[in-house]
2 protein chains.
Amino acid sequence: MSQVMGLGEFDIIARYFATPRPQGDVLLGIGDDAAVLKVRADRKLVVAMDTIVDGVHFPIGTAATDIGYRALAVNLSDLAAMGAEPSWMTLSLALREANEAWIAGFAAGLFEIADRFNVTLAGGDTVKGPLVITVQVAGWIESDRWLARSGARPGDRIFVSGVPGEAAAGLVAIQKQLPGSAAADYLRQRFLRPEPRVALGRDLRTLASAAMDISDGLLTDLGKLCAASGYGARIDIDELPHSEAMSQLFDAASCVEYALGGGDDYELLFTVPESQAAQLSRQLTGQVACRQIGVITDAAGVECWKDRRPYAVQRTGYDHFANEPPYDPVEP
Amino acid sequence: MSQVMGLGEFDIIARYFATPRPQGDVLLGIGDDAAVLKVRADRKLVVAMDTIVDGVHFPIGTAATDIGYRALAVNLSDLAAMGAEPSWMTLSLALREANEAWIAGFAAGLFEIADRFNVTLAGGDTVKGPLVITVQVAGWIESDRWLARSGARPGDRIFVSGVPGEAAAGLVAIQKQLPGSAAADYLRQRFLRPEPRVALGRDLRTLASAAMDISDGLLTDLGKLCAASGYGARIDIDELPHSEAMSQLFDAASCVEYALGGGDDYELLFTVPESQAAQLSRQLTGQVACRQIGVITDAAGVECWKDRRPYAVQRTGYDHFANEPPYDPVEP
């Protein structure tokens, strides 16, 4: 069909994914039945696996470089939420055809973020199939220093990094093809290029009582953190970080809805004992601002307040099987 | 649509895949952003990742239990080829719908083989999408004792475990719906339930100079082993293990073709220095017979001999992108 017809599985791997020699913890990499990896005797291994599907986790037509970036970014976000230091990954790539330009773009996006976080590709699989990408990333954590979801206690302050909702707003900007502007372009990038908060997660190891990343929406994910900890939460809508870009393009109600219910932010949501909450900002070395938005309670469930009153939320996040795929159509 | 409508991602994980408490090397399992795993200070970690796609790696309509079994079996075969001891896995399951009977069947097949090989499910992802399953399995190997493809030297004898070709013949029996008979049923099982040769791989750590598993066909995979080692091979068709079941259902030429070109056997192909080849069978503790089928040469490529003459082979294996999917249609 095209000039790349006949490019086989082994050519794809050799040309785009093989590294010239073992790196980092990888002793034997791509090219054998399995990879062989060094372990660090004084550490624990932390592994996360996320799958992204064409038209489910990104809109059909998303650029290959952005898909490659996302495939690893969402996994690094999980390591960040544990406080782990990234090390290596495995990749499964199911492709409809061996389109060389697409594969080159995908590899460029994947290795762009991999190199930035010192992640080595150890191995994986390339098969014919619908476009489905799975990455498993592994990292290291000092023994007994990982951040679980289950450690929040009543009175702990709830924090969030960055500006939740911008990714959801960016997705709307992509799907509605909002005209180019600084705000729209910024938001689109926030959806397409989520920034894993790895440095923040490393800082939080000794500061936070619980942590997770926001992939399904702030309220949904806070509900999971509360369920894992056995408590509830109250958050104050007025304390949510303000997005200048969102405010320029969307009304106030939509901004709140995106912040609370929009997925794909990959910011960290975490709790800190009350005694340490005031000093938190001084102890964080990372670049991203963190904002206190609420408190863990001994009630059940998550309640929202606004203007000192309970506030009813319309939309509370995304479950792949319970709801329709969000991308087509989306109502802002 | 059905009684399981509304069964969400988190219900699926909790009901079918969560284990009650951490096991084996898993310190923190399903339910957080990532899993946390113990490492063994005196060992190396060995990881393999294989993806199976509906209609590509198994015929559409294959029973869910057989798909679950296969998803792990093909990965364990890679660990076997390295001589590693299996420990834990991660699972990505992309499903069109939350069909509870299907998921229960899949989990039953997966855990049947996982329990037999002491593999704990550490984590993973469940998403909506076309039916694509990725497993990454991890195991342990004593330092510097892994079996690579690259260690074969001229004069080394080539061995294969089991009876290559039976899986390909079994696939034909499935697709042509051959009438039930002991032979046809046996071959179908050989395709549906490949047996990872883990115990054999453990034995071979100190005996073999090179090893790999046969997933794409004996000749294709032997070609890869030779390329990795930098030498060639000569194999004797008359020495291929005889399959009584294949002989009952297929003519002699088809039997040879399946043995040399059929994929999905998941037998081990390995080389042993000449000086040790004669004693090999006494040193193997496993249940599976291994047969000497050829020798590593210092020529390039793989040549076949039969009746003491060079033998031209019709079909040499399967590459996911270079060829059409083999399952529909198949010409025996």
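Between chain A and chain B, 21 residue pairs are in polar contact, both residues at pLDDT 80 or more; a polar contact is a pair of N or O atoms within 3.5 Å, where within protein one must be able to donate a hydrogen and the other to accept it, and residues adjacent in sequence count only if both atoms are side-chain atoms. On the side of chain A that touches chain B, strand β3 (residues 43–53) of chain A gives the most, with 10 residues. The model is predicted: local features need pLDDT of at least 70 and side-chain atom pairs pLDDT 80 or more, whereas totals for chains, interfaces and linings use all residues. Residues are numbered from 1 along each chain as its sequence is written, chains are lettered from A and ligands numbered from 1 in the order in which they are written, and side-chain values use heavy atoms, with hydrogens and water left out.

Four salt bridges are found across the interface of chain A and chain B, a salt bridge being a side-chain nitrogen of Lys or Arg within 4 Å of a carboxyl oxygen of Asp or Glu. Arg149(B) and Asp32(A) form a salt bridge through their side chains, at 3.7 Å from N to O. The contact (heavy atoms within 4.5 Å) involves 65 residues from chain A and 65 residues from chain B. About 5200 Å² is buried between the two chains, 66% of it on carbon and sulfur atoms; this area is the accessible area (1.4 Å probe) lost on putting two parts together, summed over both.

In chain A, strand β10 (residues 268–272) has five of its five residues buried, that is, under 20% relative accessible area, with exposed over 50% and partly exposed in between (1.4 Å probe, protein chains only). Helices (H or I, at least four residues) and strands (E, at least two) are DSSP runs, numbered from the N terminus. Leu268(A), Phe270(A) and Val272(A) lie on one side of β10(A), and Leu269(A) and Thr271(A) on the other. Strand β7 (residues 157–161) of chain A runs antiparallel to β10(A) and is joined to it by four bridges, with Ile158(A) partnered by Thr271(A). Strand β8 (residues 210–213) of chain A is also antiparallel to β10(A), again through four bridges, and Met212(A) has Leu269(A) as its bridge partner.

In chain B, helix α4 (residues 166–175) is largely enclosed by the rest of the structure, because eight of its 10 residues are buried. The cover of these buried residues includes α5 (182–192), α8 (244–249) and α9 (252–261) of chain B.

Technical notes: Pairing = 2+ DSSP bridges.
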